[in-house]
Amino acid sequence: METWDLYDENRQILNETMTRGDEVPPNRYHLVIHVCIINEQGQLLIQKRRDDKLGWPGKWDFSSGGSAIKGDHAREAAERETFEELGMEIDLSNQRPHFTINFENGFDDFFIVHQEVDIESLNFPTEEVEEVKWATKKEIHNMVKEGLFIPYRKSMVDFIFDMKIGFGTIDK
């Protein structure tokens, strides 16, 4: 049973928790993270969720993602979820999320990681992830159109690929 910390609308952690599967209380929020691993060819590592997963079963998604558990900060949750879903360790020491998207019940922090990954050597747990592969922005857009990928907005997918080179400004 997973327990989550709860936050207020200003992202201040409260001395309150909830259990996964319960309804998020009014005016309370929880933390979710996503990790987007991009290789030197500009491809994004994507994963196919198992058919028996709650929430978007059988759909393709970004490299890894999930809810922060009680006591997790975003960085710790991102490292943990990447290990749990892909079987690989990443080090996000001194790295902040590239951006955050607010949703109805929480905050979704996105980390962009530049890393070469030999997907043939990944030992990912099959209870969460069915398959992994590298995909271009165009391939992901096509997968969304075909209903194979979680239906993220086109502009969000574009933004992830644009942010692969840094933060919000173009480096000079």
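**Close-up views of a predicted model**

**Figure 1. Strand β1 is largely enclosed by the rest of the structure, because four of its five residues are buried.** The strand covers residues 3-7. The view is taken from a predicted model, as are the views that follow. In a regular strand, side chains alternate between the two faces of the sheet.

**Figure 2. Strands β1 and β2 form a hairpin.** β2 spans residues 13-19 and pairs with β1 in the antiparallel sense, over four bridges. One of the residue pairs to look for is Tyr-7 with its bridge partner Ile-13 in β2. Five residues lie between the two strands. Among the turn residues is Arg-11, with a positive phi of about 65°. For comparison, most residues other than glycine have a negative phi.

Figure 3. Read from the N terminus, the order of elements is β-β-β-β-β-β-α-β-β-β-α-α. The radius of gyration is 16 Å, close to the 16 Å of the globule rule for 172 residues, so the protein is as compact as a globular protein of that length. The C-alpha trace spans about 45 × 45 × 30 Å along its principal axes. Of the 172 residues, 47% are buried. Among contacts with a separation of 6 or more, 59% join residues 24 or more positions apart.

**Figure 4. Phe-99 is a buried residue of strand β7.** The strand runs over residues 99-103. The relative accessible area of Phe-99 is 10%, and the residue counts as buried because this value is under the 20% cut-off. The C-alpha atoms of Phe-99 and Asp-109 are 6.0 Å apart, with 10 residues of separation along the chain.

**Figure 5. Helix α3 carries buried residues that are covered by several strands and a helix.** α3 consists of residues 154-162, and its buried residues are Met-156, Val-157, Asp-158, Ile-160 and Phe-161. The cover over these residues includes the strands β3 (30-38), β4 (44-49), β7, β8 (106-114) and β9 (129-135). Helix α2 (137-145) is also part of the cover. An α-helix has 3.6 residues a turn, so residues three or four places apart point the same way.

**Figure 6. Asn-27 has a positive phi and lies in the loop between β2 and β3.** The phi of Asn-27 is about 60°, although the residue is not a glycine. Asn-27 has a relative accessibility of 53% and counts as exposed, because the value is over 50%.

**Figure 7. Asn-94 has a positive phi and is found in the loop between α1 and β7.** Helix α1 covers residues 74-86. Asn-94 is not a glycine, and its phi is about 60°. The relative accessibility of Asn-94 is 79%, and the residue counts as exposed.

**Figure 8. The protein surface exposes about 9900 Å².** Carbon and sulfur atoms supply 46% of this area. The protein has 20 positive and 34 negative side chains. The centres of these two sets lie 6 Å apart.

Technical notes. Residues numbered from 1 in each chain as written. Predicted model: local features only at pLDDT ≥ 70, side-chain atom pairs only at ≥ 80, totals over all residues. Heavy atoms only, no water. Rg over C-alpha atoms; globule rule 2.2 N^0.38 Å. Buried < 20%, exposed > 50% of the residue type's maximum accessible area, 1.4 Å probe, protein only. Contact = heavy atoms within 4.5 Å. Areas by Shrake-Rupley, 256 points an atom, 1.4 Å probe, with all protein chains shown as cover. Lys, Arg positive; Asp, Glu negative; His and termini not counted. Charge placed at Lys NZ, Arg CZ, Asp CG, Glu CD. Pairing = 2+ DSSP bridges.
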